[in-house]
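These are my notebook entries on what I looked up in this structure, written in the order in which I went through it.

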Amino acid sequence: MSVFLYSVLPPLGLYTLISRYLLKNPHYLHWKKKTAFYCTQISHRGGSGEKIENTMEAFTNAVEQGSQMLEMDCHLTKDGHVVVSHDENLERQTGVDKDISSFNLEDLPLYKEKLEVTFDAGHGTDRKIALLEDVFRKFPKTPVSIEIKEDNPQLMREVSTLVKRYDREGITLWASEDAKIMNKCRSINGSMPYSFSKQRGILLLLLYYTGLLPFVPVGESVLQFYLPRIINRTTMRKNLFKHLSDRGIQVHLFVCNKNEDIKAAFDLGATGVMTDYPTLLSTYQAY
């Protein structure tokens with residue numbers, strides 16, 4: 001037992017001290033990541049608590065209310081157009097139980113006047129499913145986070161083509177919960193910044209809790225994660241967010257639809273907050 005204590009505890013203690021020091025001072029091992037955007041106010045689905053989600057009216061309202069990034073999901077129509085929609089199947093949004101991929105662009109149904117969501121849905125006059133290209137045209141300087149849910153290389157290529165055409169590789173973020181899909185997105189366009197997949201997020205936590213994170217390079221530019229108070233506050237730590245921020249990795253917490261949630265996110269060290277209510281977030285930011 002004494003041999004174990006003398007041989008194991010000293011190096012373990014030294015490792016712990018070095019790990020903690022580098023957690024607070026990551027610049028000794030890593031250059032601070034520099035991205036072309038830094039966003040504190042992000043609109044989820046374009047601010048779907050104020051306008052009909054993912055419409056041009058919603059995106060316009062969000063930007064007018066001070067949103068610095070638009071978050072959206074994209075899908076591909078039958079005739080190869082990239083459209084913005086949270087769901088691939090349109091039943092919830094339009095009442096038509098068919099996938100977007102089964103429609104040509106001109107045949108896509110309109111959104112319902114009020115969508116089924118878990119919060120108070122927004123209202124508006126625009127019920128048309130938006131083209132990603134229209135978003136890029138109208139908001140050429142606004143950062144956009146595009147989540148890819150389908151393992152569809154054609155969709156990924158079309159998104160990449162539009163990103164290049166509108167010269168926005170630095171301000172358009174690849175996002176996907178699926179590591180396999182994320183890897184394919186990156187292989188198609190590795191010049192775009194990207195966020196953590198679910199699998200990489202779990203690995204991030206393991207590295208943090210084992211003390212290895214300060215020693216490991218991280219390629220992601222953004223961590224998009226549920227506000228910890230909604231799931232389990234013990235799984236995330238303020239020190240982790242601070243470490244990521246010090247390495248130039250932005251931390252966006254979602255979905256924060258109340259003042260107390262916004263406050264909790266920033267108190268935890270989030271660099272940005274994602275909300276369905278861009279006006280609420282803009283008002284909060286003013287204080």
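I began with the salt bridge between the side chains of Glu57 and Lys51, where N and O lie 4.0 Å apart; I take a salt bridge to be a side-chain nitrogen of Lys or Arg within 4 Å of a carboxyl oxygen of Asp or Glu. Lys51 has a relative accessibility of 22% and so counts as partly exposed, given that buried means under 20% relative accessible area, exposed over 50% and partly exposed in between, with a 1.4 Å probe and protein chains only.

For the record, I note that the model is predicted, that local features need pLDDT of at least 70 and side-chain atom pairs pLDDT 80 or more, and that totals for chains, interfaces and linings use all residues. Residues are numbered from 1 along each chain as its sequence is written, and side-chain values use heavy atoms, with hydrogens and water left out.

I then turned to Asp151, whose side chain meets that of Lys180 in a salt bridge of 3.8 Å, N to O. Since Lys180 belongs to helix 6 and Asp151 to the loop between strand 5 (144-147) and helix 5, this pair ties together parts that are 29 residues apart in sequence; helices (H or I, at least four residues) and strands (E, at least two) are DSSP runs numbered from the N terminus. Asp151 also forms a salt bridge with Lys184, the closest N and O atoms being 2.8 Å apart, and this second pair again links the loop to helix 6, here across 33 residues. I looked up the accessibilities as well: Lys180 is exposed at 52%, Asp151 is partly exposed at 38%, and Lys184 is partly exposed at 27%. The structure holds 14 salt bridges.

My next entry concerns helix 6 itself, residues 179-188, whose buried residues are Ala179, Ile181, Met182 and Cys185. Down the helix axis these fall within an arc of 155°, so they line one face of the helix, the arc being that of the directions from the axis to the C-beta atoms. Lys180 and Ser187 are exposed on the other side. Among the elements that cover the buried residues are helix 5 (153-165), strand 6 (172-175) and helix 7 (198-210). At the start of helix 6, I found a side-chain oxygen of Asp178 within 2.8 Å of the backbone nitrogen of Lys180.

I also checked Ser145, which lies in strand 5 and is buried, with a relative accessible area of 1%. Its side chain is joined to that of Gln224 by a polar contact of 3.1 Å. Apart from neighbours within four places in sequence, the residues in contact with Ser145 (heavy atoms within 4.5 Å) include Met69, Leu70, Leu173 and Ala175.

The last entry is on strand 9, residues 272-275, from which Gly272 and Met274 point one way and Val273 and Thr275 the other, all of them buried. Strand 1 (residues 41-44) runs parallel to strand 9 and is joined to it by 3 bridges, with Met274 as the bridge partner of Ile42. Strand 8 (residues 250-254) is also parallel to strand 9, with 2 bridges between them, and His252 stands opposite Gly272. From strand 8 the chain crosses through helix 9 (residues 259-267) to strand 9 in a right-handed β-α-β crossover, where right-handed means that, with the strands pointing away from the viewer, the path from the first strand over the helix to the second runs clockwise.

Terms used. A polar contact is a pair of N or O atoms within 3.5 Å; within protein, one must be able to donate a hydrogen and the other to accept it, and residues adjacent in sequence count only if both atoms are side-chain atoms. Two strands pair if DSSP finds at least two bridges between them.
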